[in-house]
Amino acid sequence: MPPSLHVLLVGDLAALNVLDGPGGKARAPGSDFKFLKESKTGTAPKFEVEDENGVTWKVKLGPEARPETAAARLLWAAGYFVDEDYYRAQIHVQGMKQLSRGMKYVSGDGVVRGVRLERPDDDKESKDWGWYESRVAGTREFNGLRVMMALINNWDLKADNNSVYEQEGDAGQRYFVSDLGGSLGRTGSSFSRSKGVMKDYVETKFVRKVTPDRVDFVMHSRPFFLLYIFRHDYYSLRTRMESVTRRIPIADARWLGNLLGQFSTTQIGDCFRAAGFSPAEVEGYNRVVMQRIDALKKL
């Protein structure tokens, strides 16, 4: 069965509803939620709720909630598989419990602020995939995904942030980046990187080096050098992440730029409006993303 990470885009891309995302309004969360359980995996506070339609949602709080929603919209617009993410400035959760993490986002009356709601696909079992072992490596679409990681400044390129699902019948395997929270800020070590900080994103560079047939994009993931001694495995893992956005065929990077270039500034801005960014933040992100798309087209 063939693996895939990109779907064939058809129709008028200029008419694509980026604001509502891959799930559209029809699959959006309801308005009444009840608490189910806390999840203690990962670094961000998370728990599960059920809405009035009986749909279970994974709730993520903290600095990853907005950038993950916006980044998923951008990848989906480029034709990549993503989770169905929705952002809400606040929700009310009946029976809200004390969380081990993230209680600063919760009020005593069950109001939870700054929420990313993800519709889980519990019918399919997923497993991780790495950037150096994927069966889709080397394809134009895979290289385009590598460019997207640089475009959104996603510095957390661990294998356990990627998922692959077995699709029904002969549809094969569906590869995608399932955790995009470490995006849209500044790449770097734990002392300098950020998530969803427009000012940091605007100040970063995009293209690092161009040769006749390859392009390197800027990606800083290398930790503080002392970790080479005390946490060598972690240092090596983070250092290797920088190579994900290096030596990409120019033709594949240009292909992605031409694809994204079909979208209007309004559609690109809708990625950030959907994630609850302020008008000033939307303008800043919009301007830089359009500049990066233009840079890809001119390679």
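Reader: Which elements are included in what covers the buried residues of α7?

Author: This is a predicted model. To read a buried helix, list its buried residues, then look for what lies over them. The buried residues of α7 are Gln-267, Ile-268, Gly-269, Asp-270, Cys-271 and Phe-272. Their cover includes α1 and α8.

Reader: What is Phe-272 in contact with, leaving aside its neighbours within four places in sequence?

Author: Phe-272 contacts Ala-70, Leu-74, Leu-184, Phe-277, Val-282, Tyr-285 and Val-289. Phe-272 is also one of the residues that touch the most other members of the largest nonpolar core, together with Met-148, Met-149, Ile-152 and Phe-217. That core holds 59 residues.

Reader: Which elements give two or more residues to this core?

Author: The helices α1 (65–77), α2 (140–151), α3 (198–203), α6 (250–260), α7 (265–273) and α8 (279–297) do, and so do the strands β9 (173–177) and β11 (214–217). Another core lies apart from it, with 19 residues, among them Phe-35, Trp-57, Val-59 and Val-106.

Reader: How should I read the chain as a whole, and what radius of gyration does it have?

Author: For 299 residues the expectation is near 19 Å, and the chain agrees because its radius of gyration is 19 Å. The C-alpha trace spans about 60 × 55 × 45 Å along its principal axes. The chain has eight helices and twelve strands, and 54% of its residues count as buried. Among contacts with a separation of 6 or more, 70% join residues 24 or more positions apart.

Reader: Turning to pockets, how much space lies in the largest pocket, and which residues are closest to its centre?

Author: The largest pocket holds about 870 Å³ of space. Its lining comprises 37 residues, and Thr-41, Lys-46, Asp-160, Ser-178 and Asp-179 are the closest to the centre. Two or more lining residues come from each of β3 (46–51), β4 (56–60), β6 (111–119), β7 (126–127) and β8 (162–166). By class, the lining of the largest pocket has 22 charged, eight polar and seven nonpolar residues.

Reader: How does the lining of the second largest pocket divide by class?

Author: That lining has eight nonpolar and six charged residues, with no polar ones. The second largest pocket contains about 280 Å³ of space. Of its 14 lining residues, Val-82, Asp-83, Glu-84, Asp-121 and Arg-174 lie nearest the centre.

Reader: Now single residues. Is Lys-104 buried or exposed?

Author: The relative accessible area decides this, and over 50% counts as exposed. Lys-104 is exposed because its relative accessible area is 64%. Lys-104 sits in the loop between β5 (84–94) and β6. Its C-alpha atom is 9.3 Å from that of Gly-62, which is 42 residues away along the chain.

Reader: Why is Pro-3 called partly exposed?

Author: Pro-3 has a relative accessible area of 24%, so it is partly exposed. Pro-3 belongs to strand β1 (residues 3–4). Leaving aside neighbours within four places in sequence, Pro-3 contacts Arg-135, Val-136, Gln-173 and Tyr-175. Pro-3 and Ala-251 are 248 residues apart in sequence, and their C-alpha atoms are 22 Å apart in space.

Definitions and conventions: Residues numbered from 1 in each chain as written. Predicted model: local features only at pLDDT ≥ 70, side-chain atom pairs only at ≥ 80, totals over all residues. Heavy atoms only, no water. Core = buried A, V, L, I, M, F, W, Y, C linked by side-chain atoms within 4.5 Å. Buried < 20%, exposed > 50% of the residue type's maximum accessible area, 1.4 Å probe, protein only. Helix = DSSP H or I, 4+ residues; strand = E, 2+ residues; numbered from the N terminus. Contact = heavy atoms within 4.5 Å. 1 Å grid on protein atoms, 1.4 Å probe; cavity = no way out; pocket = protein on both sides within 12 Å on 5 of 7 lines; lining within 4 Å. Points joined across faces, edges and corners; volume = space filled by probe spheres on them. Nonpolar A, V, L, I, M, F, W, Y, C, P; charged D, E, K, R; others polar. Rg over C-alpha atoms; globule rule 2.2 N^0.38 Å.
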